[in-house]
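I open this notebook to set down what I looked up in one structure, entry by entry. The sequence and the model come before the entries.

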Amino acid sequence: MSTKVKPFNQINVRASATRAAQFVQDKKIELSRKVITEQQYAGRFPDEYVSYSGTVGRNPFRDPETFFRVMRTRAKDYRQRFTFLPAANAAYRELLDAAELAYRTVIQQAYRYGVKSGNYRGSFILFTRQGATRTVLTSLDALENATQETIFEILSPLAYGSTVEANALYHAQLGGVLYHAAEVVRRAYPNLAVRYVYHKAAAFNLPHKYDVPVLSIGSRESLRDKVTKPGKNYRRRQRLRRARGN
């Protein structure tokens with residue numbers, strides 16, 4: 001009795017790799033369900049939890065059945081680690097990761113813009129806000145105490161901060177600084193609210209009278225989405241020049 005051997009070609013190799021990936025992904029799902037159920041029966045894990053595949057904080061699944069159903073169709077992601085966090089902890093974890101991404105992006109953009117006068121790159125101040133109470137952050141690690149109501153804020157208190165945003169967007173063609181970070185975070189964390197608007201300097205007890213650009217990140221229950229494009233006066237002047245034919 002002879003056994004038919006499949007030819008060794010690219011199609012069969014890919015098919016074998018796909019089956020192997022699916023096997024690994026299915027085993028991850030099976031083991032995850034088993035461990036979670038055991039921990040829940042033992043009272044060591046809550047009924048409500050958030051699931052992640054890959055980077056914790058991005059693309060959370062709040063319904064376990066949806067998570068496992070979707071993961072079964074993503075065999076190509078078999079290398080990504082599954083992480084399950086109690087719902088109470090997931091809110092701060094997502095906010096912390098988004099805040100880290102925002103701050104890293106702001107510093108990178110400020111460096112690329114390269115303001116040589118003043119201390120622009122080192123001027124950014126971080127805050128947490130709950131309701132009307134605003135607290136200066138000395139480290140992003142403090143966000144580990146955040147709740148669903150916590151809002152993260154970052155701004156440059158300098159008088160020319162809004163001018164830098166417009167110049168970095170229109171002249172340097174870098175997409176802005178805080179504005180660029182707002183767009184990056186908004187794409188990376190669609191479940192969070194991202195707000196980029198201008199505030200009166202007095203709201204932050206600043207010594208000058210110029211409005212300052214502020215990037216805020218929080219849950220959709222605590223913050224309303226709004227991203228205002230920098231350079232309103234710049235665009236107005238451009239329209240006037242075009243109308244005059246200059």
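**Entry 1: the order of elements.** I read the protein chain from the N terminus, and its elements run α-β-α-β-α-β-β-β-α-α-β-β-β-α. The count is six helices and eight strands. I take helices (H or I, at least four residues) and strands (E, at least two) as DSSP runs, numbered from the N terminus. I note that this is a predicted model, in which local features need pLDDT of at least 70, side-chain atom pairs count only at pLDDT 80 or more, and totals for chains, interfaces and linings use all residues. Residues are numbered from 1 along each chain as its sequence is written, and side-chain values use heavy atoms, with hydrogens and water left out.

**Entry 2: the chain as a whole.** I looked up burial, where buried means under 20% relative accessible area, exposed over 50%, and partly exposed in between (1.4 Å probe, protein chains only). Of the 246 residues in the protein chain, 41% are buried. The chain exposes about 14900 Å², and carbon and sulfur atoms supply 51% of that area. Accessible areas come from the Shrake-Rupley method with a 1.4 Å probe; for residues, only the protein chains shown count as cover. I then turned to contacts (heavy atoms within 4.5 Å). Among those between residues at least 6 apart in sequence, 69% join residues at least 24 apart.

**Entry 3: aromatic pairs.** How many aromatic pairs does a search of the whole structure find? It finds twelve. Rings of Phe, Tyr and Trp (its six-membered ring) pair if their centres lie within 6.5 Å; planes under 30 degrees apart count as stacked, over 60 as edge-to-face and the rest as tilted. Tyr-49 and Phe-84 form an edge-to-face pair, 6.0 Å centre to centre with 80° between the planes. This pair links distant parts of the chain, since Tyr-49 is in strand β1 (residues 49-53) and Phe-84 in strand β2 (residues 82-86), 35 residues apart. Both Tyr-49 and Phe-84 are buried.

I also looked up Phe-67 and Phe-82, whose ring centres are 5.1 Å apart with planes at 75°, so this pair is edge-to-face too. Phe-67 lies in helix α2 (residues 64-72) and Phe-82 in strand β2, so the pair ties together parts 15 residues apart in sequence. Phe-67 counts as buried at 0% relative accessibility, and Phe-82 is buried with a relative accessible area of 10%. One aromatic cluster is formed by Phe-45, Tyr-49, Phe-61, Phe-67, Phe-68, Phe-82 and Phe-84.

**Entry 4: Ser-51.** Ser-51 lies in strand β1. Is Ser-51 buried or exposed? It counts as buried, at 0% relative accessibility. Not counting residues up to four places away in sequence, Ser-51 touches Asn-59, Pro-60, Phe-61, Phe-67, Thr-83 and Phe-84.

**Entry 5: helix α5.** Helix α5 (residues 178-188) is mostly covered, with eight of its eleven residues buried. These are Leu-178, Tyr-179, Ala-181, Ala-182, Glu-183, Val-184, Val-185 and Ala-188. Their cover includes α3, β5 (151-155), α4 (161-170), β6 (193-199), β7 (212-218) and β8 (226-227).

Entry 6: Tyr-113 lies in helix α3 and counts as partly exposed, at 23% relative accessibility. Leaving aside neighbours within four places in sequence, Tyr-113 is in contact with Val-164, Asn-167, Ala-168, Ala-172 and Leu-174. Tyr-113 and Ala-172 are 59 residues apart in sequence and 7.0 Å apart in space, C-alpha to C-alpha. Lys-200 sits in the loop between β6 and β7 and counts as exposed, at 57% relative accessibility. From Lys-200 to Pro-213 I find 13 residues in sequence and 9.1 Å in space, C-alpha to C-alpha.

**Entry 7: Thr-128.** Thr-128 is found in strand β3 (residues 125-130) and counts as buried, at 15% relative accessibility. Residues up to four places away in sequence aside, Thr-128 touches Thr-133, Arg-134, Thr-135, Leu-137, Leu-143, Thr-150 and Ile-151.
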